[in-house]
Each structure stands twice: as C-alpha cells, then as structure tokens.
Amino acid sequence: MSAEKPPAWEAEYDTVRDLLGQSFMRLRFPASFEKEFRQNMNTRALETVRENYWMLFLLALSAVLIIYFQYTVGGVWIGAVEDLRLAVLMGLCIISVLVIFTALAKSPSMDRHFFSYTVACCLLMLLFMTIFPAYFRDEVLRQRSTYLVIYLLMIVYGVANLRLHQSAFIGFTGMGAVVLAVNVLGMQRFDWGMFMQFFFLTNLVGVGNNYVVEVRERRLFLQSRLLDLEKRQLNKLSERLVQLAREDGLTGLANRRHFNDRFLMEWERARRDGKPLALVFSDVDHFKAFNDKHGHLEGDRALIAVADVLKSVATRPGDLAARYGGEEFVLLLPNTTCDGAMEVARELIAGIDAKAIAHRGSKVAKHVTISAGVASMVPDVHIAPAKLIDLADEALYAAKHEGRHRVVVSTAC
Ligand SMILES: Nc1nc2c(ncn2[C@@H]2O[C@H](COP(=O)(O)OP(=O)(O)OP(=O)(O)O)[C@@H](O)[C@H]2O)c(=O)[nH]1
C-alpha cells in the first residue's frame with residue numbers, strides 16, 4: 001500500500017519548522033521561499049529609504065555644520081581659501097547625489113532597479129568622501145572629513161535594510177573604486193593608513209552586523225510564514241466545521257437545522273418583498289418495505305439517488321434542497337407560486353421515476369417512487385412561519401392517503 005501524500009501545506013509547514021530549528025542559519029532558503037523573502041526584503045529596503053531619506057540630508061547638513069563651526073571664527077573662514085572651495089564643491093557633489101538617489105527611490109517605476117542605483121549612488125558618494133579630502137591642505141580637516149565614510153557605511157550596513165551580500169558588495173566595491181581612482185589620479189598625498197582604518201574596518205564590522213540582521217530578518221520571515229500557514233489551516237477547518245454543521249452526512253443535502261435557518265430567513269425576506277414562498281415536502285413511498293426487502297445499505301443508496309434528483313431540480317440561486325428527516329425531504333423555493341412549485345414537484349417525481357431503482361416491496365410501482373405535498377403563500381406578520389410547513393405537510397399526507405406516487409397541492413393554494 002502506498003503511503004498517503006501529506007497535504008501541500010503540511011509539507012511547507014514542516015520545511016518552515018525545520019528551517020527555524022536550525023542553530024546555524026544559512027543565508028539562503030529553498031527556492032520557493034527565497035524568491036518571496038528577497039521580494040520582501042527589497043520592499044522593506046525601499047520603504048526604509050522612502051521613510052528615512054531625510055536622515056541622509058540631516059547627515060550631510062551636520063557634516064557641513066561641524067566643518068563650518070570648526071573652521072570659522074565669527075563667521076569668517078580661518079582655513080585655507082582653497083580648502084573652503086573644495087569643501088563647498090564636495091558638499092554640493094554629495095548633496096546632488098543624495099537628491100538624485102531620493103528622486104529615484106520615490107519613483108515606483110524605478111523599484112526594479114533599486115539595488116543598481118543604490119550601488120551607483122553609494123559608490124559615487126564614497127569616492128567623493130575619500131578623494132576630495134585627500135586634496136585638503138589642512139591635515140586636521142583632511143582627517144575629519146574622511147570620517148564621513150564611516151557614517152555612510154554605517155547607513156549602508158545598519159539602516160538600509162539591505163541583505164548582507166548587497167551591503168558587502170557596496171562596501172568592498174567602494175574600496176576597490178577608491179583604490180582605482182587613487183591610482184588613476186596618481187594621488188601622492190592619499191592617506192592609506194586612514195583608508196584602511198575607516199574603510200576596511202568599518203566594512204568588516206558592517207559584514208558581521210549585517211549577518212546578524214539578515215538572520216533575524218530570515219527568522220521573522222519564517223515565523224510570519226508559520227503563522228500564516230496556521231491561520232490558513234484554521235480557516236479551512238472552521239469552514240469545514242460550518243459546512244458539516246449544515247450538511248446531512250448521508251446525502252450531502254442541507255440538514256434540517258440549516259433548512260430551518262434558511263426557511264426563517266426566506267420567510268422574512270418574502271414578507272418584506274411581498275413575494276410568495278413555496279415548500280415541496282416529499283417522502284419515499286413504502287420505504288420501510290424497501291429496507292426490509294433490499295437491506296439498509298441499498299436503502300441508503302436509494303436515499304442518495306433521491307437526493308441527487310432533489311439537487312438537480314433546485315436550480316434557482318435561492319432554492320434549497322434539504323433532508324428533513326429519515327426518508328423525508330423538502331424543497332425551499334423562494335419567489336415561487338403554487339403552480340410553479342407544482343411544476344417542480346412533478347419534475348422531481350419524474351426524475352426519481354427515471355432512475356428506475358427497483359423496489360420489490362412497493363405496492364405502487366416496481367421502482368422507487370415518492371409522494372409530494374406543495375404549499376405556497378405570501379408571508380404576513382399575522383401568520384406564523386410554521387403554518388406554511390403544516391400546509392405542505394398536510395398536502396403530503398393527502399398525497400399518501402390518495403394512493404402515493406403523486407403531488408397534492410395544499411387546499412390553501
Ligand atoms: N436505509 C435507511 N433507511 C432509513 C433512513 N432513515 C429512515 N429510514 C427508514 O425509512 C423508513 C420509513 O418508514 P415509514 O415512516 O413507516 O414510511 P414508509 O414505509 O416509507 O411508508 P409511507 O411513507 O407511508 O409510504 C423506516 O423504516 C426507517 O428506518 C436512512 O437514513 N437510511
């Protein structure tokens with residue numbers, strides 16, 4: 001015997017549990033989750049930038065103010081004039097890149113290229129922050145302005161919500177770009193010691209920090225996935241429970257409880273709209289004898305076949321076919337007159353005849369037959385809903401009394 005395949009959600013649930021149980025988390029999920037996780041992270045990174053872009057401008061402004069207050073007395077620049085020009089140029093370059101970056105991040109059509117333009121903008125800023133200071137005459141100004149690199153790398157690694165390899169790519173490519181630029185420009189005064197200290201060490205610390213951040217993000221993703229799966233399963237179960245509470249176990253028709261609820265609802269609706277509401281009660285003829293001759297199992301099959309015909313005649317959207325009890329069934333037909341309900345009842349009897357289920361114990365025919373009673377009325381506040389049920393039931397009783405295998409319409413019609 002082949003082992004039964006677990007449902008898809010169960011397999012996914014187990015995979016998520018396994019991944020969460022791992023003590024060392026690899027920075028890659030199975031393909032089915034990885035794609036969704038990446039999209040998630042990208043969206044979050046974009047949201048972070050859109051919500052916090054002002055921090056970048058604040059950072060640039062603080063750097064300008066720090067330099068201004070350190071190199072001015074009473075608002076007059078005390079450093080070299082060339083340094084002032086260079087500092088202003090550097091500030092303008094950095095702010096231009098920030099403006100371009102913010103404009104790109106705010107444009108939804110550029111979302112697909114988020115990582116590409118982030119890399120490009122970061123590289124440009126890192127270049128400006130390392131190359132310009134190398135040309136400052138003042139030693140202290142040179143050192144202090146290079147600190148900016150650390151701030152930018154801190155943002156890339158710590159705040160931007162980028163994945164580890166994305167941040168590391170920006171950090172280390174930035175290093176490479178600076179080395180290239182220094183060589184191409186033949187910069188003699190470039191301070192390699194400071195470069196290693198600021199750039200390389202910050203990158204190392206950033207990589208460690210970002211590993212921790214990405215692992216946390218991945219765990220959060222898995223946990224929310226687990227909750228989602230549990231919620232979906234609970235919803236399915238509660239839907240199934242509601243269905244079971246309304247359904248007859250043997251025939252799959254509505255059960256009596258559900259019929260009662262719907263009947264009262266339709267009664268009220270018909271009363272408000274001033275429309276007729278009809279019931280067709282039906283009962284299998286000599287069913288006790290059927291069970292005696294053919295056995296209970298065959299009896300069950302016959303009831304299922306009768307139920308199928310009931311389902312097939314209850315075709316309008318508001319119609320409901322229900323098992324009222326034992327071998328008794330009912331059709332609830334909103335907005336239907338006695339004549340209309342009679343037609344449906346006749347169709348029902350003909351449909352069951354057409355099934356030609358052999359019935360050796362019947363005194364009416366050689367096959368299974370039913371009797372039906374029909375009633376319809378326009379509900380009124382002065383009439384109890386049970387009245388309609390009584391009328392249809394009396395009509396069914398009359399059909400039995402008059403010889404079975406027929407429809408009788410209520411005397412109130
Ligand atoms: N196989 C089976 N039999 C059922 C089920 N529910 C009720 N019955 C049987 O249906 C029979 C109903 O018998 P009666 O109420 O005497 O009615 P009848 O024999 O159909 O006679 P008339 O209705 O007067 O034609 C009983 O024997 C019940 O046991 C069911 O779910 N499965």
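Ala, Val, Leu, Ile, Met, Phe, Trp, Tyr, Cys and Pro are counted as nonpolar, Asp, Glu, Lys and Arg as charged, and the others, Gly among them, as polar. On this basis, the shell around the ligand in the predicted model comprises seven charged, five polar and five nonpolar residues. The ligand is surrounded by 17 residues, and the closest are Asp-285, Phe-287, Lys-288, Gly-299 and Gly-326. Three elements, namely strand 3 (277-284), helix 10 (287-294) and helix 11 (296-313), each contribute at least two residues to this shell.

The chain as a whole contains 13 helices and seven strands. Of its 413 residues, 30% are buried. Among contacts with a separation of 6 or more, 72% are between residues 24 or more positions apart.

An unreviewed UniProt entry lists residues 53-78, 84-105, 114-135, 141-160, 167-186 and 192-213 under "transmembrane region". Two of these segments were examined in the model. Residues 84-105 are 100% helix and 0% strand, with the end C-alpha atoms 31 Å apart.

Packing between helices was then considered. Two packed helices are described by the angle between their axes and the distance between the axes. Helix 3 (residues 81-106) and helix 4 cross at roughly 170°, and their axes come within 10 Å. Because angles over 145 degrees count as roughly antiparallel, helix 3 is assigned a roughly antiparallel orientation to helix 4. On the helix 3 side, the contact involves Leu-86, Met-90, Cys-93, Ile-94, Val-97, Ile-100, Phe-101 and Leu-104. These residues meet Tyr-117, Cys-121, Leu-124, Met-125, Phe-128 and Phe-132 of helix 4. By class, the contact of helix 3 with helix 4 consists of 14 nonpolar residues, with no polar and no charged ones.

Helix 4 (residues 114-134) also packs with helix 5 (residues 139-146), at an angle of about 175° and with the axes 9 Å apart. Helix 4 and helix 5 are therefore likewise roughly antiparallel to each other. Met-129, Thr-130, Pro-133 and Ala-134 of helix 4 form this contact with Arg-142, Ser-145 and Thr-146 of helix 5. The residues of the contact of helix 4 with helix 5 comprise three nonpolar, three polar and one charged.

Note on methods
Residues numbered from 1 in each chain as written. Predicted model: local features only at pLDDT ≥ 70, side-chain atom pairs only at ≥ 80, totals over all residues. Near = placed C-beta within 6 Å. Helix = DSSP H or I, 4+ residues; strand = E, 2+ residues; numbered from the N terminus. UniProt positions renumbered as here; feature names shortened; annotations may be inferred. Axes fitted to C-alpha atoms, helices over the stretch in contact; angles between N-to-C directions. Parallel < 35°, antiparallel > 145°, perpendicular 65-115°, else oblique. Contact = placed C-beta atoms within 7 Å. Buried ≥ 20, exposed ≤ 12 C-beta atoms within 10 Å, placed from the backbone.
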